[in-house]
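Please read the following alongside the sequence and the model. The text goes from the whole chain to single elements and residues.

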Amino acid sequence: MNSMEPDNHDERIRYYELLLERDLERLPDFKLPEGFRFVFYQPGDRDRWIDIEKSAKEFTSYEQGLRSWNRTEHPVLSDLERVSADEILKGMEVFMNYEMIRLEDRPELMEQAAEWFHKKWGIPLAAYQESMEECLTGEHVVPQWYVTLEGTHIIGGMGVIENDFHDRKDLAPNVCAVYTEEDKRGQGVAGQLLDFVCRDMRSRGIDTLYLVTDHTSFYERYGWEFLCMVQGDGEANMSRMYVHTSDGR
């Protein structure tokens, strides 16, 4: 950890500046929103970066921006220069081949999706079919079902139901049946679909979602927070309940 640095706006405020580095061989995979594009580092971008930061009032002078650049960006220039646009896009193109689907938009996938979830979780096929049929009527906001497709194959999926078989009926609705095929894990499939589901539910007027899991340190990556322990129906041990709200918590 470096020594304490002064805040850009008020030098009376000092803080420790942390630089988080990733494994450059495992860059994140995700789609950009429409109208956005990646801009890759090129030699000479330093001054343009400083100008942008000054326009955002992060710095009050070029000299202040230069000090920040030398402190935070300059040490990783070798990595920025080594990772080319082609290398990054090659890693991203994997996710570009995936398609996130709302079942209500593709009702012909219902039987395939019900069978897929049934095989992954061991819940009776009829239970998934019944929930998905209710989803497709469009009469209620919940339940909803979502899958990620690679071509015609389902590689990930999850649903939103009122209660995922636990004793806290007041904590609803629940994201449920989160699953990604083993050979597709670590590629951002679940995280992207989680974000997709949260945005979709928010558009339907539901700002808060809950999720029961035994995992730790996974859902936190996507803006979820641990809330409490809950007792699953017929379960000997308690499970972790997470919450996600529209303001990012």
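Of the 249 residues in the chain, 37% are buried, where buried means under 20% relative accessible area, exposed over 50% and partly exposed in between, with a 1.4 Å probe and protein chains only. The model is predicted, and local features need pLDDT of at least 70, side-chain atom pairs count only at pLDDT 80 or more, and totals for chains, interfaces and linings use all residues. Residues are numbered from 1 along each chain as its sequence is written, and side-chain values use heavy atoms, with hydrogens and water left out.

The chain has seven helices and nine strands; these are DSSP runs numbered from the N terminus, with helices being H or I of at least four residues and strands E of at least two. Among contacts (heavy atoms within 4.5 Å) with a separation of 6 or more, 57% are between residues 24 or more positions apart.

Helix H5 covers residues 110-121. Its 12 residues reach 16 Å from the first C-alpha to the last, close to the 16 Å expected at 1.5 Å a residue; the expected span is 1.5 Å times one less than the number of residues. Met110, Ala113, Ala114, Trp116 and Phe117 are the buried residues of H5. They lie on the same side of H5, because they cover an arc of only 165° around the axis, the arc being that of the directions from the helix axis to the C-beta atoms. These buried residues pack against helix H6 (125-137) and the strands E4 (144-150), E5 (153-161) and E6 (174-180). Just after H5, Gly122 takes a positive phi of about 75°.

Not counting residues up to four places away in sequence, the contacts of Phe117 include Tyr128, Met132, Trp145, Val147 and Ala177.

Six of the seven residues of E4 are buried, so E4 is largely enclosed by the rest of the structure. Strand E3 (residues 98-102) pairs with E4 in the antiparallel sense over five bridges, pairing being called when DSSP finds at least two bridges between two strands. Here Ile101 stands opposite Val147 in E4. E4 and E5 also run antiparallel and are joined by seven bridges, and Thr148 has Gly156 in E5 as its bridge partner. Two residues lie between the strands in the hairpin of E4 and E5, where Gly151 takes a positive phi near 70°.

The loop between E5 and E6 holds His166. His166 counts as buried because its relative accessibility is 0%. Its side chain makes a polar contact of 2.6 Å with the side chain of Asn174; a polar contact is a pair of N or O atoms within 3.5 Å, where within protein one must be able to donate a hydrogen and the other to accept it, and residues adjacent in sequence count only if both atoms are side-chain atoms.
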